[in-house]
Each structure stands twice: as structure tokens, then as C-alpha cells.
Amino acid sequence: MFALLVVITVLSNIKLIQLNDSIKLISKDRYPKTILANTVQIEVNKIALNLRDMMLSNDPVKIKNLFNDALASDKKMKQGLDQLKSIAQTEEDKRYVDAAISARDQYVPARDALLQLALDGKRNEAQAYLDQVFMPVQVKYFIALDAMFDYQGSLMSAAGDAASANSEQ
């Protein structure tokens with residue numbers, strides 16, 4: 001009888017350790033990466049909205065404020081990608097982050113040129129640049145960010161499923 005209690009206790013502890021490991025994986029790795037990837041996407045969307053509003057506005061003060069907001073979002077976006085790069089552990093993690101950074105490296109110069117055209121009030125030139133240069137680069141960046149976010153989200157879901165399975169056994 002005592003041996004049976006020891007076996008049950010050992011098996012229970014093993015399951016508890018597995019559950020604890022699953023929860024740690026979610027809270028220390030999967031969730032933070034998912035949040036960072038989402039933050040980067042949010043900041044890129046804010047920049048896109050600021051660019052749109054800059055191109056539609058005639059108010060120089062509003063345009064300057066939108067420009068400054070875009071720069072602040074750029075800083076947050078870069079910080080998020082830098083953090084993701086620093087905590088990427090697997091080759092697949094690194095591949096998605098590197099793809100997003102590579103797309104960003106093409107996006108930033110095009111975005112900066114468009115921001116400057118909008119800031120200078122060169123509406124016609126900005127609209128032509130938007131269609132011909134900026135949008136194709138921005139779409140590629142969005143695709144890379146979406147892929148990174150989807151990947152992180154799938155890891156989060158898989159870790160949640162594993163934790164759930166561990167708790168049910």
C-alpha cells in the first residue's frame with residue numbers, strides 16, 4: 001500500500017512539473033513574443049494612419065504633430081523588433097524576426113521619404129510616391145509582420161494546448 005502511495009505521489013509530481021513548465025513557457029516566452037509582435041503591428045498601423053492624415057491635412061501644426069507621432073511610433077516599432085530579435089531562441093523564431101527586420105529596412109527609407117513629402121506639403125508628389133514606391137514596400141512589410149505575428153500566435157496556441165493537455169492527465 002505504501003509503495004502505491006509513493007508511485008502516485010511521484011507521478012503527480014511529474015505531471016505538476018510538466019504543467020508548471022508549460023505555464024512558464026507561455027508566460028515567459030510565448031506570450032511576451034506575441035505581445036511584442038502585436039505592438040510592432042500596431043505602431044506600423046499608427047504610422048500609416050498618420051501618413052494618411054498628413055497627406056489630407058492643410059494645417060501645418062497638425063501635420064507637424066502627426067509627423068512627430070509617426071516618429072514616436074517608429075521608435076516603439078524598432079524597440080519591439082530589437083526585443084524580439086534579442087529573445088528569439090529557435091532558428092524559426094530568428095527567421096521570422098529577420099524577415100520582418102529585412103522588410104522594415106526597405107520600408108523605412110520609403111516611409112521617411114513619404115513623410116518628408118507630406119511634411120513639405122508636396123501633396124501631388126506624395127500621392128504619386130505613395131502609389132509607385134511606398135505602397136508596394138509597405139505591403140511587403142505588412143506581410144512579413146503578419147507572418148511573424150501568426151507564427152508567434154500559433155506557438156502561443158500550441159503551448160496553451162500542451163498546458164491544457166498536461167492538466168487533464
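**Briefing: salt bridges, helix contact and core**

Arg 52 counts as partly exposed, at 44% relative accessibility. Its salt-bridge partner is Asp 53, with the closest N and O atoms 2.8 Å apart. Asp 53 is also partly exposed, and its relative accessible area is 22%. The model is predicted, and a search of the whole structure finds 9 salt bridges.

**Salt bridges of Asp 74**

- Asp 74 forms a salt bridge with Arg 104, in which the closest N and O atoms are 2.8 Å apart.
- Asp 74 lies in helix α2 and Arg 104 in helix α3, so this pair ties together parts 30 residues apart in sequence.
- Asp 74 counts as buried at 15% relative accessibility, and Arg 104 counts as buried at 10%.
- A salt bridge also joins Asp 74 to Arg 111, with the closest N and O atoms 2.7 Å apart.
- Arg 111 is in helix α3, 37 residues from Asp 74.
- Through shared partners, salt bridges join Asp 74, Arg 104, Arg 111 and Asp 112 into one network.

**Contact of α2 with α3**

- The axes of α2 and α3 come within 12 Å and cross at roughly 170°.
- The two helices, α2 and α3, are therefore roughly antiparallel to each other.
- Residues making the contact include Phe 67, Asp 74 and Met 77 of α2 and Ile 101, Arg 104 and Arg 111 of α3.
- The contact residues divide into 14 nonpolar, no polar and 7 charged.

**Nonpolar core**

- The largest nonpolar core has 37 residues, and Met 77, Tyr 107 and Leu 145 are among those that touch the most other members.
- Helices α1, α2, α3 and α4 each give two or more residues to this core, and the largest share, 12 residues, comes from α3.
- Leu 145 touches Val 40, Gln 41, Val 44 and Ala 100, not counting residues up to four places away in sequence.

Terms used
Residues are numbered from 1 along each chain as its sequence is written. This is a predicted model: local features need pLDDT of at least 70, side-chain atom pairs count only at pLDDT 80 or more; totals for chains, interfaces and linings use all residues. Side-chain values use heavy atoms; hydrogens and water are left out. A nonpolar core is a set of buried Ala, Val, Leu, Ile, Met, Phe, Trp, Tyr and Cys residues joined through side-chain atoms within 4.5 Å. Buried means under 20% relative accessible area, exposed over 50%, partly exposed in between (1.4 Å probe, protein chains only). Helices (H or I, at least four residues) and strands (E, at least two) are DSSP runs, numbered from the N terminus. Contact means heavy atoms within 4.5 Å. Axes are lines fitted to C-alpha atoms, for helices over the stretch in contact, and angles run from 0 to 180 degrees between N-to-C directions. Angles under 35 degrees count as roughly parallel, over 145 as roughly antiparallel, 65 to 115 as roughly perpendicular and the rest as oblique. Ala, Val, Leu, Ile, Met, Phe, Trp, Tyr, Cys and Pro count as nonpolar, Asp, Glu, Lys and Arg as charged, and the others, Gly among them, as polar. A salt bridge is a side-chain nitrogen of Lys or Arg within 4 Å of a carboxyl oxygen of Asp or Glu.
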